[in-house]
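This report goes through one protein model, from its overall make-up to single residues. Please keep the sequence and the coordinates at hand while reading.

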Amino acid sequence: MPVHLVFCSCPDPATAQHLATTLVEARLAACVSVLPPMRSVYRWQGEVEQADEVLLLAKTPAETVPALVERLQALHPYELPEIVAVEAAAGLPAHPDWGADAPRR
């Protein structure tokens, strides 16, 4: 079963921790890594903006991605949160099994 990595930038550590815990408790992700602060540069409403953010990296099976994205979008404080999912192309054979086993719809 394919495992996906879902990236989501958050405005601060508290929001990131809340979202990560919610996704794991809801079994929408097997694991969510909360990465240290980063600096994002992006265009928003015609202007170049910069912000300090925290990145979430959620691991989930392919069939759970739509529900995970829906939950993130509903809980996220941004008007248009960055949520990007990519399929993991390779890894340790047991790791995808672990990731696929944890979430439940």
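## Terms and basis

A residue is called buried when its relative accessible area is under 20%, exposed when that area is over 50%, and partly exposed in between, with a 1.4 Å probe and protein chains only. Helices (H or I, at least four residues) and strands (E, at least two) are DSSP runs, numbered from the N terminus.

The model is predicted, so that local features need pLDDT of at least 70 and side-chain atom pairs count only at pLDDT 80 or more, whereas totals for chains, interfaces and linings use all residues. Residues are numbered from 1 along each chain as its sequence is written, and side-chain values use heavy atoms, with hydrogens and water left out.

## Overall make-up

The protein has 3 helices and 4 strands, and from the N terminus on its elements run in the order β-α-β-β-α-β-α. Of its 105 residues, 34% are buried. Taking a contact as heavy atoms within 4.5 Å, residues 24 or more positions apart account for 73% of the contacts with a separation of 6 or more.

The protein exposes about 6300 Å², of which carbon and sulfur atoms supply 56%; accessible areas come from the Shrake-Rupley method with a 1.4 Å probe, and for residues only the protein chains shown count as cover.

Helix α2 spans residues 65-75, and its buried residues are V65, L68 and L72. Seen down the axis of α2, these buried residues fall within an arc of 65 degrees, so they line one face of the helix; the arc is that of the directions from the helix axis to the C-beta atoms. An α-helix has 3.6 residues a turn, so residues three or four places apart point the same way.

What covers the buried residues of α2 includes the strands β1 (3-10), β3 (47-61) and β4 (83-87), together with the helix α1 (13-25). On the face of α2 turned away from its buried side lie the exposed residues P66, E70 and A74.

## Two residues of strand β1

S9 is placed in strand β1 and, at 3% relative accessibility, counts as buried. The side chain of S9 makes a polar contact with the side chain of E82 at 3.1 Å, where a polar contact is a pair of N or O atoms within 3.5 Å; within protein, one atom must be able to donate a hydrogen and the other to accept it, and residues adjacent in sequence count only if both atoms are side-chain atoms. Leaving aside residues up to four places away in sequence, S9 touches M38, E53, V54, L55, H76, Y78 and E82.

C10 is also placed in strand β1 and is buried, with a relative accessible area of 0%. With residues up to four places away in sequence again not counted, C10 touches several residues, among them T15, A16, L19 and L56. C10 and E82 lie 72 residues apart in sequence and 8.4 Å apart in space, C-alpha to C-alpha.

## Loop residues with positive phi

R27, in the loop between α1 and β2, has a positive phi of about 60 degrees although it is not a glycine, and at 38% relative accessibility R27 counts as partly exposed. Q45, found in the loop between β2 and β3, has a positive phi of about 55 degrees and is not a glycine either; Q45 is exposed, with a relative accessible area of 65%.
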